[in-house]
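Reader: I would like to learn how to read pockets and helix packing in a model. Can we take one feature at a time?

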Amino acid sequence: MFFAMLLFIICYYNQSNAQLEVGFYKNSCPRAESIIRDKVQRSFFLARGIAPGILRLHFHDCFVRGCDGSILIDSTATNSTEKDGPPNVNSLRGLDIIERAKSRIEATCKGVVSCADILAYAARDCFSKRGLEWDVPVGRRDGRISIA
């Protein structure tokens with residue numbers, strides 16, 4: 001029993017202590033940050049007040065299972081996801097912007113940038129209009145579980 005508990009703690013610690021880094025995509029997808037920034041900044045002209053919506057998306061993604069992109073997972077016939085859960089179904093904003101950024105990233109470097117990192121960059125870029133900038137450590141892996 002002791003060894004099973006010790007193994008669980010070690011595995012949990014290793015999963016929760018991911019090594020994120022600034023510039024994670026500089027070699028594998030060097031245009032990732034600029035593509036996301038462009039999509040977010042263009043959205044400011046299309047939808048007034050979209051920045052708080054994107055920030056809320058990122059908050060809700062990180063709140064449930066950690067920043068794993070699970071808020072972006074679509075529901076299936078057998079599973080209703082966070083996106084379609086009671087508090088979110090009618091109030092999440094900015095999903096289309098994240099989808100457009102993801103599509104553009106996938107066209108540039110397929111299968112490299114996680115949805116969780118796209119959302120983290122987008123949340124940061126919501127402040128760029130105000131002149132605030134900071135480095136975002138990335139390298140998150142997308143979650144595969146999302147339950148309403």
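Author: Start with the second largest pocket: 16 residues line it, and Ser114, Cys115, Arg141, Asp142 and Arg144 lie nearest its centre. The model is predicted, so local features need pLDDT of at least 70 and side-chain atom pairs count only at pLDDT 80 or more, while totals for chains, interfaces and linings use all residues. Residues are numbered from 1 along each chain as its sequence is written, and side-chain values use heavy atoms, with hydrogens and water left out.

Reader: What is a pocket, and what is a lining residue?

Author: On a 1 Å grid over the protein atoms alone, a pocket is an open set of points with protein on both sides within 12 Å along at least five of seven lines; lining residues have an atom within 4 Å of a point.

Reader: How much space lies in the second largest pocket?

Author: About 250 Å³. A volume is the space filled by probe spheres set on the points, and the probe is 1.4 Å.

Reader: How do the residues of that lining divide?

Author: Into five nonpolar, four polar and seven charged. Ala, Val, Leu, Ile, Met, Phe, Trp, Tyr, Cys and Pro count as nonpolar, Asp, Glu, Lys and Arg as charged, and the others, Gly among them, as polar.

Reader: Now the helices. How do helix 2 and helix 4 cross?

Author: Helices are DSSP runs (H or I, at least four residues), numbered from the N terminus. Axes are lines fitted to C-alpha atoms over the stretch in contact, and angles run from 0 to 180 degrees between N-to-C directions. Helix 2 (residues 32-46) and helix 4 (residues 95-108) have axes that come within 9 Å and cross at roughly 150°. Helix 2 is therefore roughly antiparallel to helix 4 (over 145 degrees). Their crossing is right-handed, with the near helix turned clockwise from the far one by less than a right angle.

Reader: Which residues make the contact?

Author: Contact means heavy atoms within 4.5 Å. Helix 2 brings Ala32, Ile35, Ile36, Lys39, Val40 and Ser43; helix 4 brings Ile97, Arg100, Ala101, Arg104, Ile105 and Thr108. By class, that is seven nonpolar, two polar and three charged.

Reader: Where does helix 5 meet helix 2?

Author: Glu33, Ile36, Arg37, Val40 and Phe44 in helix 2 meet Ile118, Tyr121, Ala122, Arg124 and Asp125 in helix 5. This contact has six nonpolar, no polar and four charged residues.

Key. Helix = DSSP H or I, 4+ residues; strand = E, 2+ residues; numbered from the N terminus. Parallel < 35°, antiparallel > 145°, perpendicular 65-115°, else oblique.
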